Amino acid sequence: MTGLGTTGGPALVCGEVRTCLLPTRDAVDERTAVELLRLRADERVRVSRHPNRHAVSPDVLTGVDCLLPTANGTRVRAVGTVAARAVLVEGRVLQSTAYFRAPAKGPDRRQPWGYYLVRPGTLVPVGRLAEKPVTEGFLTGHRSGELDIGSVAESLLARISRRHRFLDYDTPLTTADTALRWTAAPADDGEAASLRFTKADDGLRIVELRLPRGTAPDVAAGLCEDLALHDWLLSTVNDKLDGLRVGADDGTAALKVLRPLVDHLLHLWMPQARVDRALRTTWAELEEDAGYSRQWHTLAQRVRDQLTLLHLTRRDALATP
Amino acid sequence: MLVFAASDKGGTGRSVTSANLAYHRALDGDDVCYLDFDFGSPTAAAVFDLPDVLSEAEGRGLHSYLKGKTGEPLRVDVWARTEHPVLRSRPSGSGRLVLLPGDRTGGEFVTDEENLHRCVDLVLRLKREFDLIIVDLSAGRSYAMDLALAATSPRGGLGRLKNRWLVYHRWTRQHVMAAAELVYGKQGIVLAGIAMGHVPDALNGSIRFVRAAVPDLESPLWSQVSPAQYAWMRQCDKELEELAAGRGIGKTRVLSSIPLEPVLQWQERLITDEDVHDRRIANNETWQAMGDLAQRLTDDKFWGQL
């Protein structure tokens, strides 16, 4: 497989990651995780146990022949397949990623399907790919009639959510899904990997990456899954603690909010667990500017402190006759 | 929890009461979403004071989604987008309140497997994100209702989700009879549900009635009527109660009675705390009744087989 920005390789990789809580009461065990992510009979689910439990489904392909979104209205038709895969972290957080790579130029005429099928996960433009307008257009969002990659990712989530045998739909807390839309373009020689991370409304995150030449598309997707997971964790815990009424009653209301966080989310923070060494500068940027880990540790500490206080208050209440 | 709001006739206060119900639950800290399945005449956007949403939803609303014309239906954050001056300042501790509007030009449509799958996928997704999902169905025995029954049947994909039905009717002879017919009639919800594989007792136990715009004769609103009028109205009320009991929708099956509220006669809107206590345009009883309805919705004491 050829990497980003190499001769014959893609000039651009684009994708979208959807992140949500698996709709079950408790985290699922490894065996169930594998069953859930078995999307194809001919390929295995990849499981890794360190530094945390992480299962990745095989890629499933969706055939596409449509216009790519562009910022300036240039018509760029692309044909091929979009790859999608699902990830389950610690049997608790479910992610699906749909992504494609696109070469700088393709044949001037639409080829038979056979031509595209030997290039899985690639959208070949008919003619030249206008890289800048496509990058901008993709990140801004599609218009009707253009490629809607979010719905490819969403339909994979829906497909997994429909597996009733494994799911009880009784989630311990409600959480808002997020969508992280990303593009990766090759960085100049000698330039370190970098990112631009923007939070938009309605759980949308926009990430523009510049990655070293030769970065494999699935490695870029892995980085974005890692970013999306941690952004989702941070947003979720932040939301739950926002406006928390600690002094309202005997603490029952606060406990109802805090307990699921401890039971299900606080142990999931592990940035860069599987991120390629060459791409770690992107995380460093995020840590420096937005202070993700600092904020997380503060929030986690706050949850624990509140629980300790609640415990003390209740014990005192019991002790006084 | 998944809640279906149904009624036999239009003008029963189904949409406006359901929207108030959603508002109360959100105030109490629940994450609530409201699905406007009232294809053809979506009113929720107006009740939540979202004037731009109707045109925005054109081609991106629930109807377009179910037909497969758009990958994801439009979602509107009510707290952020409403033009209602009170609602705009979201109270701390409140939950999310999101509207999924319908398409204005949608109209009714025939349900098929494709619609059903899309409906199930959407609800499963919303279930992750929200504590309470309120689905406002069109009046009468509609395709939207068939879709809801099919989706929640044991084979339909939402069978394992806790779901409840609220049937709204006004407090008149015609409305009482029509509501009873809608639920227990030959073409009614219960028989249609059983035909789709629902367990009769479970389905029956998940249906409750909400009486809307009920005149409370002891309220100040009616204090000026003549003795003859008062006696006549008392008699009507008694007869209606007997009629309702005879049709199987007597007091034990009623989840809540919403009193006749002058504000709602003039405007389909949310009744806020401010309307009651500061501006004093709405009655406290209405506020209370909406609050009770919101509480009882998830209180198992009020539900189950009688």
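Trainee: Which are the buried residues of α14(B)?
Mentor: This is a predicted model. In α14(B) the buried residues are T286(B), A289(B), M290(B), L293(B), A294(B) and L297(B). A residue is called buried if 20 or more other C-beta atoms lie within 10 Å of its own.

Trainee: How do you know that the buried residues line one face of the helix?
Mentor: Look down the axis of α14(B): the buried residues fall within an arc of 135 degrees, so they line one face.

Trainee: What do the buried residues of α14(B) pack against?
Mentor: Their partners in chain B are the strands β1 (2–7), β6 (163–170), β7 (207–214) and β8 (254–259), along with the helix α1 (14–27).

Trainee: What span should helix α14 of chain B have, and what is found?
Mentor: Helix α14 (residues 284–297) of chain B has 14 residues, and at 1.5 Å a residue they should span 20 Å. The end C-alpha atoms are 20 Å apart, so the two values agree.

Trainee: Turning to chain A, which domains does the assignment give?
Mentor: Domain 1 (12–214) and domain 2 (234–319). Their centres, taken over C-alpha atoms, are 28 Å apart.

Trainee: What makes up the contact of these two domains of chain A?
Mentor: Domain 1 of chain A gives 21 residues and domain 2 of chain A gives 16 residues. On the domain 1 side, β9 (194–199) and β10 (204–211) of chain A each supply at least two residues. The largest share of that side, 3 residues, comes from β9(A).

Definitions and conventions:
Residues numbered from 1 in each chain as written. Chains lettered and ligands numbered in written order. Predicted model: local features only at pLDDT ≥ 70, side-chain atom pairs only at ≥ 80, totals over all residues. Helix = DSSP H or I, 4+ residues; strand = E, 2+ residues; numbered from the N terminus. Expected span 1.5 Å × (residues − 1). Buried ≥ 20, exposed ≤ 12 C-beta atoms within 10 Å, placed from the backbone. Arc of directions from axis to C-beta. Contact = placed C-beta atoms within 7 Å. Domains from an automatic or database assignment.
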